[in-house]
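Colleague: I would like to go through this model with you, beginning with the surroundings of one residue. Shall we start?

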Amino acid sequence: MSGPTLEQVDARFRDVVSALSAPADRTGTTVAEVPFGSHLTASRALQLFDSQLGSRHLDLAARWLRARGDGFYTIGSSGHEGNAAVAAALRPTDPALLHYRSGGFYLERARQVPGSDGIRDVLLGLVAATDDPISGGRHKVFGRHDLAVIPQTSTIASHLPRALGVAFSLSRAQKLGVEPAWPADSVVVCSFGDASANHSTATGAINSAIQVAFRGLPVPLLLVCEDNGLGISVPTPHGWIAEAYGNRTGLRYFSADGSDLAGVVTAAEEAAHWVRRMRRPAFLHLRTVRLMGHAGTDLETAYRSSTQIVADLDRDPLLGTARMLVAAGVLSPAEVLDRYEAKRAEVLAAAEEVATLPRLASREAVTWAIAADRPVAVKELSRRSAPEALRRKAFGGSLAEDAGPLTLAQSINRALADLMAVDPGAIVFGEDVGAKGGVYGLTRGLQRNLGSARVFDTLLDEQTILGLALGAGITGLLPIPEIQYLAYLHNAEDQLRGEAATLSFFSAGRYRNPMVVRIAGYAYQRGFGGHFHNDNAVGVLRDIPGLVIASPAHPADAPAMLRTCAAAARADGRVCAFLEPIALYHTKDLHEEGDGGWLAPYAAPGSWASGHIPLGSARTYGDGDDLTIVTYGNGLHMSLRVAAHLERSGVGTRVVDLRWLAPLPVDDIVREATATGRVLVVDETRRTGGVSEGIITALVDAGFSGHIKRVASADSYIPLGDAAWHVLVSEDEIEKAARELVGESH
């Protein structure tokens, strides 16, 4: 046996059904009267069978379209069609985050919503047509906004943290008086495969769901593991999923044979009802098979025996449903085959039609969905201010603008309070942000003044923190999570790259997950640190399309930049990383002790003094004609000190603070570089993959013909103690490079 190919699976179904024996007497029984247990009538079984048939023929059509060169995706749902019963057990308004073998579920969910055509939806995705109702031809995903199906990519298990976030945020939004995107009594369903269940992202999300529920908080999450025993070619040990999750404290377990439609209906309805009533997580284990390989290019005989393949064919869920219907006298074998062939004709006719539809035809057509950009709306929203009484409550009595000059840490703290005063859906969470007020005090007083429903501690798990933000944003809240150190972000960076930043792209802007992720980062802490507390690796963020990267250095800029990020998140659904230089948090002076050069008064939102800092806009200090220093973060403090030395020796210097690492303020960089003809880029991140590479490339692309030099930190991790100064950019190095640049160009 060389298969199972689509032809073999197709032929086997027809052959087995043809050989079935109908009951001797089918007279006197109407379809509606035939029960299949307490949860399934014959009429409902026929509806589910129709969804199962549609899913199977979509898989066959995908292979047919691929062979013609008209289709681009062949990962199918064959063997998993029992998941149609999971959809039937839920409401069409229950948010669903689906496994990529969820054809049956999707078709049954579409059947529940009048006017929907699930078959056409899936086919449009297969041929990458611009009419695809979710991605607009960008990717084949199961998703549709009016079906409450949130599109997921193929990244292994990466959607589970978001599912937890949605489940948590439904009741939290209602508690805060914010209308959630879905009914507050919804069940969130999240499906995945047995191989994914072993991924650290899945195990972390499931553990977090159990822990949150253990604390007495609502987590209405139905986890559906579709266990076909394979991760592409790697087998899952028989019985492993039941062993790992069947007796997990705090996680209610249900199971069913995915080939037994009546059994799946019973288990799914019991699980959905339990989660909806108890508001706690449950695990539904469906034992399925995988037919026709992992995808169209997968040759199963290279890693599976003929005996194993035939055994799976015998457990075909379509055959299971057909046998059930025939044995009960609901359909004859001929009637089953008539329905099978009628569905084939329906799907193929639709496939012929969609194959001719337009596809994305330009770079602009592809990329516009990465992120919205409405600067006027962002500006207006960023200047909103809460009534004075609400602001005083958020600040704990007095107004921030009455407090006198503030440090960077204090200015961010006050800006957070202002944001939460004006936006009732804004929530702050992370490690140690609650009663402790953050390890550097940036959330100090927020929980006391605004309550633990809006400012709260999380598990020490960055995937959970970001997953909570993903779910909160899509549910209608404005999440402002804190990642305690930049080095800790790397544990969970795929939640930004693979989930947050891609959602608008894969849904053509129909779904968005606004968030502002505060990250304490960079180096230069004295007397404390080492690599994990002094990380300067931002390259992992800089190539994420659509991600906003803010890098405030001065307390005069930080509040307005934070408000801009929050406004961009609310108005345009932007995902923002707010990188805060730890070493400057509590800095007060610039040139000498006591000068207060790194303090600034707080400007309330909407006041004449607050201004607005648009995305991608730099700030220039000085107007010297000899040299332009371009920098950011800790580099700004060092460069301004160096500039003062240079000015005293007759070198006119201007210093450009980028403020935004993405989008880079290219126009400002080019303008200030052209003004002097000499540019020194001061980059505290690593020489390879650091920010300076983008700055210099932008200058070259713009045709800058002047002199360019850069200083950057070494391609090294940051060691403990004074050894750090050997690998980090220093003021001496900046001044030496500046004088060399000015001298060389004279």
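Modeller: Ser 504 touches Ala 369, Ile 370, Ala 371, Gly 509 and Tyr 511, leaving aside residues up to four places away in sequence; contact means heavy atoms within 4.5 Å. The model is predicted, so local features need pLDDT of at least 70 and side-chain atom pairs count only at pLDDT 80 or more, while totals for chains, interfaces and linings use all residues. Residues are numbered from 1 along each chain as its sequence is written, and side-chain values use heavy atoms, with hydrogens and water left out.

Colleague: Where does Ser 504 lie?

Modeller: Ser 504 belongs to helix 21 (residues 503-506). Helices are DSSP runs of H or I with at least four residues, strands are runs of E with at least two, and both are numbered from the N terminus.

Colleague: Is Ser 504 buried or exposed?

Modeller: Ser 504 counts as buried because its relative accessibility is 14%. Buried means under 20% relative accessible area, exposed over 50%, and partly exposed in between, with a 1.4 Å probe and protein chains only.

Colleague: Changing topic, how many salt bridges are there?

Modeller: The count comes to 44 salt bridges, each being a side-chain nitrogen of Lys or Arg within 4 Å of a carboxyl oxygen of Asp or Glu.

Colleague: Which residue does Asp 572 meet in a salt bridge?

Modeller: Asp 572 pairs with Arg 374 at 2.8 Å, N to O. Asp 572 lies in helix 23 (residues 558-572) and Arg 374 in the loop between helix 13 (363-367) and helix 14 (375-382), so the pair ties together parts that are 198 residues apart in sequence. Asp 572 is buried, with a relative accessible area of 3%, whereas Arg 374 is partly exposed at 44%.

Colleague: And which residues are linked in a network of salt bridges?

Modeller: The network links Arg 290, Asp 298, Glu 300, Arg 304 and Asp 312. Within it, the side chains of Arg 304 and Asp 312 meet at 2.9 Å, N to O, and both residues are buried.

Colleague: Now the helices. At roughly what angle do the axes of helix 1 and helix 11 cross?

Modeller: The axes of helix 1 (residues 6-18) and helix 11 (residues 317-327) cross at roughly 20 degrees and come within 10 Å. Axes are lines fitted to C-alpha atoms, for helices over the stretch in contact, with angles from 0 to 180 degrees between N-to-C directions.

Colleague: Which residues make the contact?

Modeller: Helix 1 contributes Phe 13, Val 16 and Val 17, and helix 11 contributes Leu 318, Leu 319, Ala 322 and Arg 323.
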